[in-house]
Amino acid sequence: MSGTGKKVVDVAFKASKNIDWDGMAKLLVSAEARKEFATLRRTFEEVNSTLQTKFSQEPEPIDWEYYRKGIGSRLVDMYKEAYESIEIPKFVDTVTPQYKPKFDALLVELKEAEEKSLKESERLEKEIAEVQELKQKISTMTADEYFEKHPELKKKFDDEIRNDNWGY
């Protein structure tokens with residue numbers, strides 16, 4: 001097998017070891033997302049299996065003597081010479097250097113968005129807890145108790161009363 005093909009197989013194998021499929025599956029909430037995720041995982045494993053089996057094996061060498069006996073040495077020598085003169089060009093990756101900085105910038109942006117999202121989620125969770133608490137206490141709560149938690153509203157109402165602004 002060519003060195004490039006072997007490298008691809010090695011990278012694919014290492015990548016499959018680093019993927020936390022179970023961790024990602026726990027983050028999914030809808031049945032449709034789980035179905036799509038299962039399809040993605042199955043497809044990834046099929047491609048990885050193909051890479052491990054089909055492309056990781058060296059091709060069998062050609063038995064030129066077998067063909068010389070059946071076909072004739074002149075024609076086989078011509079094919080052998082043509083076969084050995086073929087040079088497979090080495091793959092030169094020119095795309096990765098262009099997109100690697102963009103990808104890294106997107107990863108940084110993703111981390112920032114994730115942190116922002118987590119902070120916003122925490123803030124919303126606290127707000128939900130406060131609203132739930134207020135919902136439970138609203139029927140027995142006095143105005144003074146409410147204004148203790150929301151002094152800005154008390155100030156606003158006091159200012160309106162002082163300025164003789166009754167809202168009409």
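In this predicted model, Asp 77 has a relative accessibility of 33% and therefore counts as partly exposed, and its side chain meets that of Arg 68 in a salt bridge with an N to O distance of 2.4 Å. That pair is one of 12 salt bridges found in a search of the whole structure. The chain itself is built from 8 helices and 0 strands, and 7% of its 168 residues count as buried.

**Overall make-up**

- Read along the sequence, the secondary structure follows the pattern α-α-α-α-α-α-α-α.
- The accessible surface of the chain comes to about 15,400 Å², and carbon and sulfur atoms account for 58% of that area.
- When contacts between residues at least 6 apart in sequence are considered, 41% of them join residues at least 24 apart.

**Salt bridges**

- Arg 41 forms a salt bridge with Asp 22, in which the closest N and O atoms are 3.8 Å apart. Because Arg 41 lies in helix H3 (residues 31–53) and Asp 22 in helix H2 (residues 21–26), this pair ties together parts that are 19 residues apart in sequence.
- Both partners count as partly exposed, Arg 41 at 29% relative accessibility and Asp 22 with a relative accessible area of 49%.
- Asp 104 and Lys 100 also meet through their side chains in a salt bridge, at 3.4 Å from N to O. The two residues are 4 apart in helix H6 (residues 96–137), so about one helical turn separates them.
- Asp 104 is partly exposed, with a relative accessible area of 32%, and Lys 100 is likewise partly exposed, with a value of 46%.
- Elsewhere, salt bridges that share partners join Asp 22, Arg 41 and Glu 45 into one network.

**Nonpolar surface patch**

- Ile 62, Tyr 66, Tyr 67, Ile 71, Leu 75, Met 78, Tyr 79, Tyr 83, Ile 86 and Ile 88 together make a nonpolar surface patch of about 1,100 Å².
- Helix H4 (64–70) and helix H5 (73–85) are the elements that give two or more residues to this patch, and the largest share, 4 residues, comes from H5.
- Tyr 79, one of the patch residues, has its place in helix H5 and counts as exposed because its relative accessibility of 53% lies over the 50% cut-off.

**Helix H8 and the residues after it**

- Helix H8 (residues 151–162) has 12 residues and reaches 16 Å from its first C-alpha to its last, which is close to the 16 Å expected at 1.5 Å a residue.
- Just after H8, Asp 164 takes a positive phi of about 55 degrees.

Technical notes:
Residues are numbered from 1 along each chain as its sequence is written. This is a predicted model: local features need pLDDT of at least 70, side-chain atom pairs count only at pLDDT 80 or more; totals for chains, interfaces and linings use all residues. Side-chain values use heavy atoms; hydrogens and water are left out. The expected span of a helix is 1.5 Å times one less than its number of residues. Buried means under 20% relative accessible area, exposed over 50%, partly exposed in between (1.4 Å probe, protein chains only). Contact means heavy atoms within 4.5 Å. Accessible areas come from the Shrake-Rupley method with a 1.4 Å probe; for residues, only the protein chains shown count as cover. Patches are made of residues with over 30% relative accessible area and no salt bridge: like charges are joined within 9 Å, nonpolar side chains (Val, Leu, Ile, Met, Phe, Trp, Tyr) within 5 Å. A salt bridge is a side-chain nitrogen of Lys or Arg within 4 Å of a carboxyl oxygen of Asp or Glu.
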